[in-house]
Amino acid sequence: AQSVTQLGSHVSVSEGALVLLRCNYSSSVPPYLFWYVQYPNQGLQLLLKYTSAATLVKGINGFEAEFKKSETSFHLTKPSAHMSDAAEYFCAVSDRAAGNKLTFGGGTRVLVKP
Amino acid sequence: GAVVSQHPSRVICKSGTSVKIECRSLDFQATTMFWYRQFPKQSLMLMATSNEGSKATYEQGVEKDKFLINHASLTLSTLTVTSAHPEDSSFYICSARTTGTGPNEQFFGPGTRLTVL
């Protein structure tokens, strides 16, 4: 079974500061990994995805993530936080051996201080 | 492209009634749709996977007779919460995937907030 762990349920950053959201996964097969963002009372929007190509993945809104197999990690970063980045972020792994179901981490809520 | 809609966005119902939620893929054919449930300040939990023209596959612990899923066409799946009770109040989100999608990306709907009084 696959699992995803997001360290830190809440992260507070100042506007303009680095955003770092941590995600570790466990998978018995090479994984597909995703980061999604959710704004209040809305569905999920894909930020970026890792599909076994380049290990450094660039996404929308200035976010990027690096796949590190040795650390089983897929941390999400953004060099400079913007007020509009305040949202909930979910890391997910696709279970290719079980109908491509997504398993989500617990989520990290980002608060951006002015 | 790859837009998924849900209707209604919010619904309030009395205990004991049934509620139907629709999930539509607007600009692509969705061979597989997923239904998730999200409690406040929590992550998404997969309830079931539905493939067009076949019975849904439910996750362990999800009552299939309570949460009826129909995927009658390549653009529409419905979730019916039967005999709803207050504990069924939650945010329900669907997603859709099409065949040939390389990295198995799912496209998510905007969600439906169900409140059972």
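Does B:Asp88 count as buried or exposed, and why?

Mentor: Happy to walk through it with you. B:Asp88 counts as buried because its relative accessibility is 4%; here buried means under 20% relative accessible area, exposed means over 50%, and partly exposed is in between, with a 1.4 Å probe and protein chains only. Before going on, keep in mind that this is a predicted model, where local features need pLDDT of at least 70 and side-chain atom pairs count only at pLDDT 80 or more, while totals for chains, interfaces and linings use all residues. Residues are numbered from 1 along each chain as its sequence is written, chains are lettered from A and ligands numbered from 1 in the order in which they are written, and side-chain values use heavy atoms, leaving out hydrogens and water.

B:Asp88 sits in the loop between β8 (76-81) and β9 of chain B. Strands are DSSP runs of E with at least two residues, helices are runs of H or I with at least four, and both are numbered from the N terminus. Leaving aside neighbours within four places in sequence, B:Asp88 is in contact (heavy atoms within 4.5 Å) with B:Arg37, B:Lys66, B:Phe67, B:Val81, B:Ser83, B:Leu114 and B:Val116. With one of these, B:Lys66, the contact is polar and runs side chain to side chain at 2.9 Å. A polar contact is a pair of N or O atoms within 3.5 Å; within protein, one must be able to donate a hydrogen and the other to accept it, and residues adjacent in sequence count only if both atoms are side-chain atoms. B:Leu114 is 26 residues from B:Asp88 in sequence, yet their C-alpha atoms are 7.7 Å apart.

B:Ser90 has 4% relative accessibility, so it counts as buried.

Now for chain A. Its strand β9 (residues 87-95) has nine of its nine residues buried. In a regular strand the side chains alternate between the two faces of the sheet. In β9(A) both faces are covered, with A:Tyr89 among the buried residues on one side and A:Phe90 among those on the other. Strands pair if DSSP finds at least two bridges between them. Strand β4 (residues 32-38) of chain A runs antiparallel to β9(A), joined by seven bridges, and A:Leu33 has A:Val93 as its bridge partner. Strand β10 (residues 101-104) of chain A pairs with β9(A) in the antiparallel sense over four bridges, with A:Ser94 opposite A:Leu102.

Finally, the rings. Rings of Phe, Tyr and Trp (its six-membered ring) pair if their centres lie within 6.5 Å; planes under 30 degrees apart are stacked, over 60 edge-to-face, and the rest tilted. The count over all chains is 13 aromatic pairs. A:Phe104 and B:Phe108 make an edge-to-face pair, 6.1 Å centre to centre with 70° between the planes. A:Phe104 lies in β10 of chain A and B:Phe108 in strand β10 (residues 107-108) of chain B, so this pair joins two chains. B:Phe108 counts as buried at 10% relative accessibility. B:Phe108 also forms a tilted pair with B:Tyr36, at 5.7 Å and 40°. Ring pairs link A:Phe34, A:Tyr36, A:Phe90, A:Phe104, B:Tyr36 and B:Phe108 into a cluster.
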